[in-house]
Amino acid sequence: MVATSHDVMPDIELYQPTDEANALALANTLGSAGWLLAGGQDTYGWLKDRNKTPSAMIELTQIDAWKGVKEIADGIEIGAVTTLTEIANNPLVQSRYGLLAKAASVVASPQIRNVGTLGGNLVQDARCWYYRRGLDCYRAGGNICYADSPEGLNREHALFGASRCVAVSPSDTAPALVALDATMVVSSEGGQRLIPAQDFFVGPARDIVNMTVLNEGEILTAVRIPSTWANAEFYFEKVADRNVWDFALVNVAAAIKVSGGSITDARIVCGAVECIPRRLEAVENAIRGQQRSEQLADQVAAIATDGARPLNYNHFKIPLMENLVKRAIRG
Amino acid sequence: MAYMHIGKDFVPPDVAGKVTGRIKYAEDYTREGMVYARLLTSPLPHARVVSIDAAEALAMEGVFGILTADDVYPDGEDNSPGLKVLTNQPTLVGEPILALAAVDEKTAETAIATISVTFERLPFVMDPLDSLAEGGPDGYDGGNTFVFREGVASEKWSRDEVASFRAGNEPTAEPQQSWEYGDLAAAFAASAYTYEGGFTTAGYPHQSMEPRSAFAYWENGKCYLHGTSQSMTPVAAGMADIVGVPVEDFVFINEATGGGFGQRARPNSIPSMAIPAKLSQKINRPVMMRVTREEEFTIGGARQGFQGWIKCGFKQDGTMAALDMYIISDNGGKGGGGDASSAADCISILYQTEAVRFRGTSIASNTGHRGAQRGPGQNQIAPIISPILDKAAEELGIDRLEIRKLNAAQNGDVGGPRRTPLTSAYMPEALEMGAQQFGWEERKGRARQKNGSKVRGLGIGQGYHNAGRSGMDGIVRLMPDGRLAVHSGVGNLGTYSFASTSRAAAEVLQMPWERVDVIAGRSDRHLPMTSPQDGSNSIFTNTRTNYGAAQDLLAKMKEIVAADLGGEPADYEHGNERVYRSSDNSVGMTFAEIAQRGLELGGKYTGESEVPEDMDDFSKLSVSRLAGTALMGLFKDPAHNNNPPGFTVTFTEIELDTETGKYEILDMISIAECGTVVHPQGLANQLRGGAVWGIGLSGYERHLYDPQNGIPASTGYWQSKVPTLLDTPANIGTGWVDLPDPENPVGARGVGEPSMGAVSAALTAAISDALDGHIFNAAPVTADMIINHVAGISSEAIPLAQNNFRG
Amino acid sequence: MNPKLTRRRFIKGVIASGAAATSATIWYSANGQSRPAGSVDRMIRININGQMRSVDVAPQETLASTLRYKLGLTGTKLGCNRGECGACTVLVNDTPSYACSILTHSVKNMRVETVEGLESANGDLHPVQQAFIEELSPQCGYCTPGQVMSAVGLLRANPNPTREEARQGLAGNICRCGSYDSYLNGVMRAAEIG
Amino acid sequence: MGEIVRYKRDVWGEEVILGVSWDLLWVVAVAVLVLLAAHAIIMAALANKKMEKPSAEGRRVLRHETIDRLFHWVMAASILVLIATGIAPIIGLRIAWLNIHWIAGLLLTFVVVFHIIRSLFWQDFKSMILGPKDFGEPFDSAKKPGKYTFEQKGMHWAVTVVVLAVIFTGVLLFMQIDTPFWDRTNSMPEDQLGLMFLLHGLSTLALIALAATHIYFALRPEKLFYTRSMVSGWISEDEMTANHDTSLWSPKEAD
């Protein structure tokens, strides 16, 4: 029984495939022993700490086919290893899907956005510090949750959908993509599957050790955003302790269609309140067809937190979440 | 008075190396045959090492050896709670148990994983109040507190007393330490408004940018240690002792230090530097010990947290008549401090309180290493007292600036338990200057103005720290080429004081700066002993020593000239690097000529005789090694009497968003009252840096340990919430009163620490202003606390629990 | 390797399906597989500060380790080694990146610039360095090389930034001394010096 | 591989039990299949030694009252659901299994408690007691049992022990999750918690084996009439006299 503070990368193989087939083949062969490496901003800490011990890294950023923003028949397609900086500054994204540009621009820090990718931001692992410390909690395959214990520090944990594990979705871009009704393009040697953003993420009740439905050998290669929500009225806000390098206490992403002052359609999603981005369909239904106004926002905000089950120290997320939803509806 | 150097900006000798990356920190050195050390640390918050089995590790290829506490302390560890080099009695998770040296760090880490240590688990505690309660667990072996000169002791209150204290009531139990002046009862009786309540302040980590890495090797019986420290000579002397080598055989090399903030001022707060030295001695190889960010968090130290009760009485005219304060300060698992008493001292000086009673007890918790951090005590209390002052002003119908002015310290005022006179004080002037530059009169109408969910809040804060010491040594040399060498024992921690204080000597001799060499950075450069670079004392302390040494040098120079050219020394004056007869400028000698003459004369002129008796042994060693190399000026600074205060004032305006609990700092200006300004750019940096620290203190910096299992959470920059650029205002205005202090030859006092307290005080005041005067009685005031307050959710935190970020 | 540790990893491997055994060889033999072909070659040539340097780089090596421990470029500091402080910021194809959180092999075909590469051939300091001296931007100096590189990167992309743009540009570098304002003043001055 | 117990590190890095190694699931599955297959083959081989099957016609006697039959099937259903939901995450099925699992567990607990009480006070408890003389039964073809055969008693008591173990550990683990009735305390020491998971796992494996065996015999042609009796309650007088000693068991007429 000893502890040591690890700080250097352990021995591990590195593969740098330059074409899709090769990458998918490697992912398939290596299975759970192969670590998919994109920007690496959620990789090196795990490896340096020796809390995750794959035997090889498969670098995906050398594959040009998985980079960049391009127009498709219905909307746009963004390669999964496109950097967050590129997305935040891309004219196409800025002009039609400002929601995503905004979300990408508030992730972590400039240097992290310069190498961090959209795919990486979407599939990043839970940030619960107990889990990150390498403790054998539920999410690490153990049989206990240290955060939701009588004295556990759970200020930053879940309000909804907790099942043994109370970790939350840490991503800023995920709520934006769910709000934009995006589709995840998932490839493997077996072929390709298209998964609605909303179904891409999975909570602990269904899978307590993974945050997404990706199976071994599968790679998220692109994200498609339909034209349905292009140029809708968008609202994104992230509230965190620090204005750089922090994860949201709560964030909100909303796409709202308004005509003649009344809301014709809307998608509102909150992050950091559940293990998956939480779509607020009840709120959407409540505002559809209503005049967009301060009063409307005040009326429906409470619906957003129906069924919230706060832990010992995260009650504040309830008013915060309601306030952010209000702001999204007020616009 | 017109100075040649004092009050002027200059280019410190080290700054070029900093912008080019050439200047070397301990971790940047390398040496033939260098091996790497890694630490095995305690996984338990409190335990005793029963046995260590490292056989497998030692047998591994590329492993050179290990160092344990038994190697360091053959006669066993003392039972003081001070941080040890290595320990068999860990009182916090992450405390170093042994070090292993290997060919590279990867090998070292892998080898350490094979070592098995058997621990005896001991009870541990995270919240000092839990330990204080009857039957509660103790953080130390055999007690929960440490009594100076007596050792570990046990302080226990009845559970009811603890519960009542948590509820915000005055503690009734006997304190460990107390002091008092004035008639408290009468003062409260005379008070028109009295505030009373419990409060907490955060203890949070220093997180200096440079981890306390160290590198050491031995050569010809001498130990060379590349380390990191705020101070040079005091640490060099102390480390030699810890390493166990005579000071003359010990070379401490520390050209630059990546931040100190209090925790690297003295050897006993950075004993880990001895590990590579000891290990290198044992395995006879140069050893580099790179300390990780996580290790820097656990052994790098944190400020003491407070759990306190405060009662303040104000007379009808706004005078602060009475202060009664009771503080439980968190001693952590190792280290500790006297922060609590300093907090009361700070209020008594800042607000010239008529009657003060302080009571305090420090209790262990198995949470990290605690010690001095920028304004230890003064800065914890600043953000607590400020909103209370505003509440009093509101209740008594006095302007918030006025109530501060009328309580402010002025010349002739005294303060603290011993009613020590201040060397000088111009706080009302500082407040006035700040008010002018900030535009208090015009702005105060904006207070509490609402705009949608946003509310304006204005705040005024004041900071204080005792800022000057004396009794240290000075060594200057006039070289044969006429250049002036100022030997500085001051550490290079980023304040540039090691250079700016040297300018006092250049000032005396009226030497152009290009002709002056500051000798520092290595203990074998023959440096004078000085006081550690803590307590904002360097400017005051070392301008005195350098000024005095230069005066001694100048006297000797005039003697030499008078002897050669006739007349009395008094007949001569100096300028343009010459000493010449006052009556006839043409009769004189250049500094170079005088220096050469001094060398010929030797004796007292070159440090070979008449060395001041009462100089520190370390300084004497330096002088003896320099003897005969140049014309030397030596000085032993006599002790001064009074308290040289460092004061700052901050005005700020914020816009607080009641829906998110976040606020934007719209404007901030800090004014220093620190005597004559020696180095304007350096002072501005201290004011700006203090501001960022103040923002962290009142905002969100934290020191998280799992209350259930005692494992550290906020080990990195992200989790400790160190303020980023975008958390600070776009501009931080700076200014200074710039009136000379009589007890310093150039009129200067220090200021590094108070700048932080003033800003955090201004911010908590502004937050409370924006929330209609609500007082949180806590620092930090986090977004979730504000949201809960606005939403009317009663705090979920365990009452009086410190900075645990629980909603 | 610690047997306990190995077993623990094994356990995690089975349950969390997150991890395999602790070293490539163990894993492959345990699974009776041969390692796939195409793993990277250690010997690479990489463009550092305008020079092609040949260096032996382990597959897992971070750029910071290569720079500091293989090439002796110790101007690049390790403050946290976790991408949480910015002290190790270098330019990769003119883009500021954390050298502690990027693999050397990932940038072997790119231009890497460190603080050591900024001075001109005749030894003149870069305008940013000059301005940082004039404004006395550094305090302890440990974060300075990172601040310098972020500033240089910013000014290359935007030679005349507003103060707000400069704030955004330097936002990814922690300065524990709190010298942010002084660094910003330095950047604005550097933009003037040009 | 091949371990019985899985370990993990507790919060301080000390090794503690995590639970049973689910590799055993396959071991048990294979073992049970092999044994039952072997039994089936042997029975088939012995089948030629003809003994005429008692007729299901004629007078009917009551073997299981409705309430007991109901109990049996509810218990059977809940156990099958518990096994299915418990295994799902182990074999990597992404379903929200936990709620179904504890609800079924709760149901099982209730019916078992009900059965214990009823059997103690309202049923003929003696008929299920497994005495020393019962052990001679298999070896003496002349000897006939009372209401329950030696095998039936054996199975009953084995299931009793295993189900009680599953319930006991299950209830303790139930305390470790949030439910509509309470928020978890989550304060059981990690080594105890691991032990509970281990026992829960081991007893589950045993239960799977027993359930499989039970179902197998219930479906064997020569025993099918017992299964029928568990559905409709009666067996024929022939079946009774052929398999039971009426001096030890005299059931009342089935209506």
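# Questions on a predicted model

Student: How large is the area buried between chain B and chain C?

Tutor: The contact brings together 59 residues of chain B and 50 residues of chain C. Carbon and sulfur atoms give 56% of the area buried between these two chains. The total area buried there is about 4,400 Å².

Student: Which residues of chain B lose the most area to chain C?

Tutor: Chain B and chain C bury about 4,400 Å² between them. On the side of chain B, three residues together account for 19% of what that side buries. They are B:Val19, B:Met209 and B:Leu725.

Student: How many salt bridges are there between chain B and chain C?

Tutor: Side chains of opposite charge can pair when their charged atoms come close. One such pair across these chains is C:Glu119 with B:Arg22, at 2.6 Å from N to O. Between chain B and chain C, the count of salt bridges is five.

Student: Which element supplies the largest share of the side of chain B that touches chain C?

Tutor: Between chain B and chain C, 28 residue pairs are in polar contact. Helix H1 (15–20), helix H21 (680–699) and helix H22 (717–720) of chain B each supply at least two residues of the side that touches chain C. The largest share amounts to eight residues, and the element that supplies it is H21(B).

Student: Why does the salt bridge between A:Asp11 and B:Lys106 join two chains?

Tutor: The side chains of A:Asp11 and B:Lys106 meet at 3.2 Å, N to O. A:Asp11 lies in the segment before strand S1 (13–15) of chain A, while B:Lys106 lies in helix H4 (residues 105–112) of chain B, so the pair joins two chains. A:Asp11 counts as partly exposed at 49% relative accessibility, and B:Lys106 counts as partly exposed at 23%.

Student: How many residues apart in sequence are the parts tied together by B:Arg446 and B:Glu653?

Tutor: B:Arg446 forms a salt bridge with B:Glu653, the closest N and O atoms being 2.9 Å apart. B:Arg446 lies in the loop between helix H15 (440–443) and strand S19 (450–451) of chain B, and B:Glu653 lies in strand S28 (residues 645–657) of chain B, so the pair ties together parts whose separation in sequence is 207 residues.

Student: How many of the 11 residues of helix H8 of chain B are buried?

Tutor: Helix H8 spans residues 233–243 of chain B and is mostly covered. Its buried residues include B:Thr233, B:Val235, B:Met239 and B:Val243. The buried residues pack against strand S10 (214–219), strand S11 (222–226), strand S12 (250–253), helix H9 (274–283) and helix H20 (617–626) of chain B. Of the 11 residues of H8(B), the number buried is eight.

Student: Which residue follows H8(B)?

Tutor: The residue that follows this helix has a positive phi, near 85°. That residue is B:Gly244.

Student: Which residue provides the backbone oxygen reached by the side chain of B:Arg264?

Tutor: B:Arg264 has its place in the loop between S12 and H9 of chain B. At 0% relative accessibility, B:Arg264 counts as buried. Its side chain reaches a backbone oxygen at 2.4 Å, and the residue that provides this oxygen is B:Glu210.

How values were computed:
Residues numbered from 1 in each chain as written. Chains lettered and ligands numbered in written order. Predicted model: local features only at pLDDT ≥ 70, side-chain atom pairs only at ≥ 80, totals over all residues. Heavy atoms only, no water. Contact = heavy atoms within 4.5 Å. Buried area = accessible area lost by both parts, 1.4 Å probe. Salt bridge = Lys/Arg side-chain N within 4 Å of Asp/Glu carboxyl O. Polar contact = N/O pair within 3.5 Å; in protein donor to acceptor, adjacent residues only side chain to side chain. Helix = DSSP H or I, 4+ residues; strand = E, 2+ residues; numbered from the N terminus. Buried < 20%, exposed > 50% of the residue type's maximum accessible area, 1.4 Å probe, protein only.
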